[in-house]
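Please walk through the model below with attention to charged pairs, strands and pockets.

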Amino acid sequence: AKVVRHQHDTGHFSLWPGSQTYPHLTTYALFGLNEAQRAGVKVDLKAMARGLTVMRAWANSSERTLGPGGESATVAMAAYVLADQGKPDAGLNARLFEARKALPIYGQAFLLRALALGNGADAEKIKTLQDELLATVKEVDGVVMARESFTGKVTPDQMHYYMSSDVRTSASVLAALVQVAPRHEVVAALADGLKRSRRDMGRWGNTQENLYSLIALADYARDRSKGTARVTISLGKKRLARQTLKGASVLGFSRTLNMLSPGKITIKTSAPVRFTARLHLARKTSREESIARGFTVTREYLDPATGLALSKVSAGQLIKVRVSLLSDKDRHYVALVDPLPAGVEALNTRLATTQQSRPGTPAEGRHRWWSRPTWDHKELRDDRVVAFSDRMRQGKHTLEYMARATIPGKFTAAPAHAEAMYEPEGMGR
């Protein structure tokens with residue numbers, strides 16, 4: 001239901017409700033709704049039909065050239081969604097196959113899935129594309145992946161714009177091979193490579209990588225989840241857990257370290273199973289520690305009448321909050337989060353922004369008439385204020401909002417922080 005709220009009267013979708021629509025977001029939204037249907041979730045069929053109609057028209061437009069770049073991969077993704085919805089477009093699939101050499105790897109993966117689902121699919125074309133896709137899978141430092149960055153078909157800027165990455169591409173290839181060649185030896189290696197590419201706490205680099213990886217691994221797990229296995233977990237001679245797993249059932253077991261004695265943990269099974277063991281550590285960090293890795297973030301609490309800094313406020317008093325963000329370069333999809341201290345509420349008034357352009361242009365607080373606003377979407381929540389920018393220019397950007405101290409007490413203000421959502425190494429606090 002939340003996804004459908006991003007659909008416009010035209011049938012296309014936008015990143016934020018009511019903001020600009022993009023065909024690749026329409027395709028992505030329909031891909032997500034299609035995944036929901038695959039999982040047995042009821043979706044708005046009228047919204048789905050409107051989206052499929054405009055997506056098909058966009059993909060087949062005479063203006064659509066199938067050259068190198070992310071847009072061609074989006075067309076291939078559209079072809080897959082149409083085919084999985086039972087509406088394969090043979091003409092579109094044929095044009096994509098002829099242009100397949102120019103497609104990014106993840107576009108080739110979606111095309112392979114579209115061909116496999118098409119009515120009267122050409123087995124020779126499927127075999128050709130499958131072999132070409134398998135040739136893109138490489139092992140580097142013991143990790144097997146399909147690496148988009150090795151091909152040169154998608155520039156770094158296009159990778160950012162289409163939220164692409166090597167991990168996401170590998171997940172797309174894995175999902176395609178699970179569909180057309182589930183017993184190929186590369187499938188298990190790709191699944192292992194995806195798991196090896198995770199970061200701390202089991203996550204991948206960003207939400208796109210998380211989503212595509214989980215979908216691909218879920219498809220892989222469904223294909224492998226057959227039979228029965230009896231599992232026993234022991235610490236030394238002490239048995240910690242025992243369960244018989246059937247099909248896709250899962251045994252989850254966790255203990256805090258103070259509940260365990262030193263020793264060797266053993267997992268015994270009566271048949272092959274897949275398992276993950278993970279150690280979680282809590283770490284204290286200084287509230288005063290700031291971080292600047294591409295973004296420098298500062299925050300001020302000001303008197304709305306005088307503009308002077310506040311160090312103490314009374315219950316009921318208004319506060320002008322100013323969060324300044326300095327970006328070291330042009331970036332895509334930036335999130336700025338300002339946690340509210342307990343006892344303070346953000347006021348539901350219109351948020352204002354100011355922006356300082358690059359050196360040699362008007363000073364902070366002044367706008368050229370053609371300047372693009374920094375923030376594409378803003379949210380006032382109970383515990384924080386959040387602002388998002390689809391495309392942020394290098395330089396200084398400011399978020400201002402009004403808040404009110406509601407109850408007396410002494411409260412901690414957690415740090416404001418910014419992050420490039422699809423390049424999480426770019427962040428500041």
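Asp131 and Lys127 both sit in helix α6 (residues 123-134), 4 residues apart, about one turn of the helix. Helices here are DSSP runs of H or I with at least four residues, strands are runs of E with at least two, and both are numbered from the N terminus. The two side chains form a salt bridge in which the closest N and O atoms are 2.7 Å apart; the term requires a side-chain nitrogen of Lys or Arg within 4 Å of a carboxyl oxygen of Asp or Glu. Asp131 is partly exposed at 35% relative accessibility, and Lys127 is partly exposed at 45%. Buried stands for under 20% relative accessible area, exposed for over 50%, and partly exposed for values in between, with a 1.4 Å probe and protein chains only.

The model is predicted, and local features need pLDDT of at least 70, side-chain atom pairs count only at pLDDT 80 or more, and totals for chains, interfaces and linings use all residues. Residues are numbered from 1 along each chain as its sequence is written, and side-chain values use heavy atoms, with hydrogens and water left out.

Side chains of opposite charge can pair when their charged atoms come close. The count of salt bridges comes to 19. In one of them Arg56 pairs with Asp89, with 3.2 Å between the closest N and O atoms. This pair links distant parts of the chain, since Arg56 belongs to helix α2 (residues 45-59) and Asp89 to the loop between α3 (70-84) and α4 (90-98), 33 residues apart. Arg56 is partly exposed, with a relative accessible area of 27%, whereas Asp89 is buried at 12%.

Another salt bridge joins Arg222 to Asp219, the closest N and O atoms being 2.7 Å apart. These two residues are separated by about one helical turn because they lie 3 residues apart in helix α10. Arg222 is exposed at 52% relative accessible area, while Asp219 counts as buried at 8%. Through salt bridges that share partners, Glu35, Arg38, Asp219 and Arg222 form one network.

A pocket is defined on a 1 Å grid over the protein atoms alone, as an open set of points where a 1.4 Å probe fits, with protein on both sides within 12 Å along at least five of seven lines; lining residues have an atom within 4 Å of a point. The largest pocket holds about 1800 Å³ of space, where grid points are joined across faces, edges and corners and the volume is the space filled by probe spheres set on the points. Its lining has 44 residues, and Val250, Leu251, Arg274, Phe275 and Thr276 lie nearest the centre. Two or more lining residues come from each of α9 (185-196), α10 (207-224), β3, β4 and β5. Helix α10 gives the most, with 6 residues. By class the lining has 26 nonpolar, 11 polar and 7 charged residues; Ala, Val, Leu, Ile, Met, Phe, Trp, Tyr, Cys and Pro count as nonpolar, Asp, Glu, Lys and Arg as charged, and the others, Gly among them, as polar.

Strand β3 (residues 228-235) pairs with β5 over 5 bridges, and Ser234 stands opposite Thr266 in β5.

The second largest pocket contains about 1100 Å³ of space. Of its 35 lining residues, Leu15, Trp16, Tyr28, Thr207 and Tyr422 are closest to the centre. Elements supplying at least two residues to this lining are α1 (23-38), α10, β9 (331-339), β12 (377-380) and β15 (417-420). The lining divides into 18 nonpolar, 10 polar and 7 charged residues.

Strand β15 has its own strand partners. It runs antiparallel to β9, joined by 4 bridges, and Ala420 in β15 is the bridge partner of Val334. Strand β15 is also antiparallel to β16 (residues 423-428), with 3 bridges, and Ala420 stands opposite Glu423 in β16. A hairpin of 2 residues connects β15 to β16. On β15, Ala418 and Ala420 form the covered face, and His417 and Glu419 the uncovered one.

Definitions and conventions: Two strands pair if DSSP finds at least two bridges between them.
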